[in-house]
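User: I've got a model open and would like to talk through its surface and its packing. Could you start with the terms?

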Amino acid sequence: MIRFAAAAITLTMLIGSFAFAQDGAPKVQVFGGYSLLKLDHGRLSGGLLDLDLHQSSDPFALADYFLNGWNAEAQYNTGRWLGIAADFGGRYGTPITASRDRILTGLPKETAYSFLAGPVLSYRTKSRVTPFVHGLFGWDRTSLGASTINGSVTSPVPVAATNYNDFAMALGGGVDYRITHHLSLRAGQLDWYHTTVNLNKFYTHAFGGTLLQGLRTNQTNYRFSAGVVAQF
């Protein structure tokens with residue numbers, strides 16, 4: 001009887017321990033996935049470029065477009081609800097395009113990388129679904145590659161390699177769906193992604209001279225991410 005009781009108590013403790021582990025927070029989470037950023041041009045337009053670059057054929061345009069990229073994150077959970085995350089991101093695209101019925105070659109490529117960090121609040125229950133919100137703050141670096149624009153332009157337009165470092169923050173949240181004890185899907189994460197690029201300085205340096213005044217010195221972008229979360 002004593003052995004049976006001891007075995008029953010041990011089994012109960014193991015089951016309780018397992019249930020606690022299932023319901024409790026993982027100590028470390030690592031996320032990696034695809035990211036899409038809706039870019040704020042900060043009042044820059046094709047017409048403004050045509051005017052400042054003295055292009056009578058009106059060759060330039062800026063579409064309301066998205067930048068493709070990636071997003072990775074390492075998160076340490078101090079408890080069931082609170083964690084600290086370090087967020088890394090990269091995005092790539094062509095900010096300047098050709099206007100309708102125009103052909104341009106040598107358009108400059110834009111690349112940007114970011115490092116942000118901050119607190120995460122997660123609502124963890126027995127459900128497989130874990131919603132969360134976060135506030136991330138840090139550094140963003142935007143670069144425009146050197147090139148020469150040809151095609152439907154009055155004369156070739158040289159573009160100088162340009163870099164700009166700025167403060168950035170991402171305020172938002174998302175939802176993780178647990179597949180196994182160590183693996184979840186981040187079904188979606190949406191951030192209000194704020195950057196502080198002085199676009200007047202950025203594009204004036206790229207095109208030379210005293211060009212492009214009146215652009216915004218901060219931008220309201222939106223970032224969507226989705227991917228896989230490993231939990232330990």
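Analyst: A salt bridge here is a side-chain nitrogen of Lys or Arg within 4 Å of a carboxyl oxygen of Asp or Glu. Areas come from Shrake-Rupley with a 1.4 Å probe, and for residues only the protein chains shown count as cover. This is a predicted model, where local features need pLDDT of at least 70, side-chain atom pairs count only at pLDDT 80 or more, and totals for chains, interfaces and linings use all residues. Residues are numbered from 1 along each chain as its sequence is written, and side-chain values use heavy atoms, leaving out hydrogens and water.

User: Which strand gives the largest share of the nonpolar patch?

Analyst: The patch is made up of Val129, Val175, Tyr177, Ile179, Leu183, Leu185 and Val228, with about 510 Å² of accessible area together. Strands (E, at least two residues) and helices (H or I, at least four) are DSSP runs numbered from the N terminus. S11 (162-180) and S12 (183-195) each supply at least two patch residues. The largest share, three residues, comes from S11.

User: Is leucine 185 buried, partly exposed or exposed?

Analyst: Leucine 185 sits in strand S12. Buried means under 20% relative accessible area, exposed over 50%, and partly exposed in between (1.4 Å probe, protein chains only). With a relative accessible area of 40%, leucine 185 is partly exposed.

User: What stands opposite isoleucine 149 in S10?

Analyst: Strand S9 (residues 147-151) is joined to S10 by three bridges, running antiparallel. Isoleucine 149 is in contact (heavy atoms within 4.5 Å) with residues including Phe60, Leu104 and Pro156. Its opposite residue in S10 is valine 157.

User: How many of the nine residues of H3 are buried?

Analyst: Among the buried ones in H3 are Leu199, Phe202 and Tyr203. The buried residues of H3 pack against helix H2 (46-52), S10 and S11, among others. H3 is largely enclosed by the rest of the structure, because the buried count is seven of the nine.

Conventions. Patches are made of residues with over 30% relative accessible area and no salt bridge: like charges are joined within 9 Å, nonpolar side chains (Val, Leu, Ile, Met, Phe, Trp, Tyr) within 5 Å. Two strands pair if DSSP finds at least two bridges between them. Lists of a residue's contacts leave out its neighbours within four places in sequence.
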